[in-house]
Amino acid sequence: MQLPDRPAPIPPETPRTGEETVERLIFASVVAQRQGIYATMETIRDAALRHNPSVGIHSTLIYQSGWFIHWAEGPRVAVRALADRLATDRRHRAPLVVHYSLGPRNLTSPWSMALGSSSEGAAEMGRRVMHLRACMAEGLQFRPTSVIRRLTMPMRLPQALRLPDPEKFHRVGLVAATGASAYDLVGWLSNYFKAERYSLRVAGERGLDTASDYVDFLRQELPCRVLAVSRVDLRHGMRRAFLPEWRFIALLFSGSINKDAELVDLIDFSLRGLPSAPQLMAFAPDEAALERVASHAAAKGLRFAVAEPWRERDHAALWARIDRELGEAGVPDSSGWYESRPDPTAP
């Protein structure tokens with residue numbers, strides 16, 4: 001797996017003052033043995049955790065449809081050494097670089113991994129990989145988060161794919177202080193819009209295994225993605241990398257003083273140090289609970305764009321309120337892409 005001599009700089013992502021600049025590599029490869037894949041990924045995790053922290057590497061490994069997607073960020077020497085080592089790993093074959101750039105870190109922890117539940121075949125994933133390769137050859141680079149999303153969580157709505165920018169869609173996150181109400185809303189939206197529900201199993205450095213569910217549908221002729229994530233998910237480095245691109249996070253509080261405070265603390269942790277953050281919505285059983293979480297959030301410098309009572313299982317009312325806020329927010333931003341000058345040494 002040969003890397004270009006010079007990674008492509010992406011000017012709009014120039015690091016802020018004092019922020020580290022790293023090399024960012026994403027490559028895709030065909031898995032050699034699909035049986036026992038999660039155990040294989042755990043073995044890779046153990047090796048990465050012994051190695052990554054000492055050399056400054058942060059990385060994510062994703063399995064989907066017979067492919068590995070490996071995303072690594074760190075110092076130049078460490079990233080190139082990692083690429084050389086992985087090129088000879090017999091657990092995969094034919095590694096193909098789909099992103100290589102210079103910029104600020106996106107990944108905030110030494111390791112995270114995910115297992116996609118897509119029913120598509122390896123050939124369909126391969127087509128997306130080769131499309132990104134062709135873009136690179138033409139000097140077109142997408143953000144690391146956009147590359148990962150295009151490969152593992154692509155917007156599949158036919159109407160969205162006909163738009164000039166299929167990555168220009170609303171993104172709304174849901175997190176509940178207790179229970180499964182966030183996942184229940186995704187299920188309700190799936191039924192209401194007659195849209196497929198997808199799932200992604202995620203894990204961190206040690207344990208922290210969880211799953212996120214999402215559904216895509218059209219909202220007034222523009223695509224919308226609603227994702228339910230667990231409280232644990234907010235600690236994952238990979239999840240935190242995507243939060244700046246979310247438009248809103250709806251926090252579903254329970255009325256339990258301790259559980260609600262824990263959720264506020266987790267949100268504060270997950271947003272800390274990010275270049276930008278989603279707007280926060282707070283929904284709770286009553287005004288007293290809303291006042292408590294608003295006070296706790298204010299002490300941490302957080303504020304809620306929306307704070308309203310919500311009766312659990314009233315999915316229609318909850319979505320109506322989120323939908324109204326999306327309408328007021330206007331057209332969603334694009335995930336963005338940037339052109340870089342073609343490098344004759346690019347793979």
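This is a predicted model: local features need pLDDT of at least 70, side-chain atom pairs count only at pLDDT 80 or more; totals for chains, interfaces and linings use all residues.

Q: At what angle do the axes of helix α6 and helix α10 cross?
A: Two packed helices are described by the angle between their axes and the distance between the axes. For helix α6 (residues 181-192) and helix α10 (residues 315-329), the axes come within 10 Å. Angles from 65 to 115 degrees count as roughly perpendicular, and α6 is therefore roughly perpendicular to α10. The crossing angle is roughly 85°.

Q: How do the residues of the contact of α6 with α10 divide into nonpolar, polar and charged?
A: From α6 come Asp184, Leu185, Trp188 and Leu189, which meet His315, Ala316, Leu318, Trp319 and Ile322 of α10. The division is seven nonpolar, one polar and one charged.

Q: Is Ala261 buried, partly exposed or exposed?
A: Ala261 sits in helix α8, residues 257-271. Buried requires under 20% relative accessible area and exposed requires over 50%. Ala261 has a relative accessible area of 22%, so it is partly exposed.

Q: How many residues of helix α4 are buried?
A: Helix α4 covers residues 144-152 and is mostly covered. Its buried residues include the charged Arg149 and Arg150 as well as Val147, Ile148 and Leu151.

Conventions
Residues are numbered from 1 along each chain as its sequence is written. Side-chain values use heavy atoms; hydrogens and water are left out. Buried means under 20% relative accessible area, exposed over 50%, partly exposed in between (1.4 Å probe, protein chains only). Helices (H or I, at least four residues) and strands (E, at least two) are DSSP runs, numbered from the N terminus. Axes are lines fitted to C-alpha atoms, for helices over the stretch in contact, and angles run from 0 to 180 degrees between N-to-C directions. Angles under 35 degrees count as roughly parallel, over 145 as roughly antiparallel, 65 to 115 as roughly perpendicular and the rest as oblique. Contact means heavy atoms within 4.5 Å.
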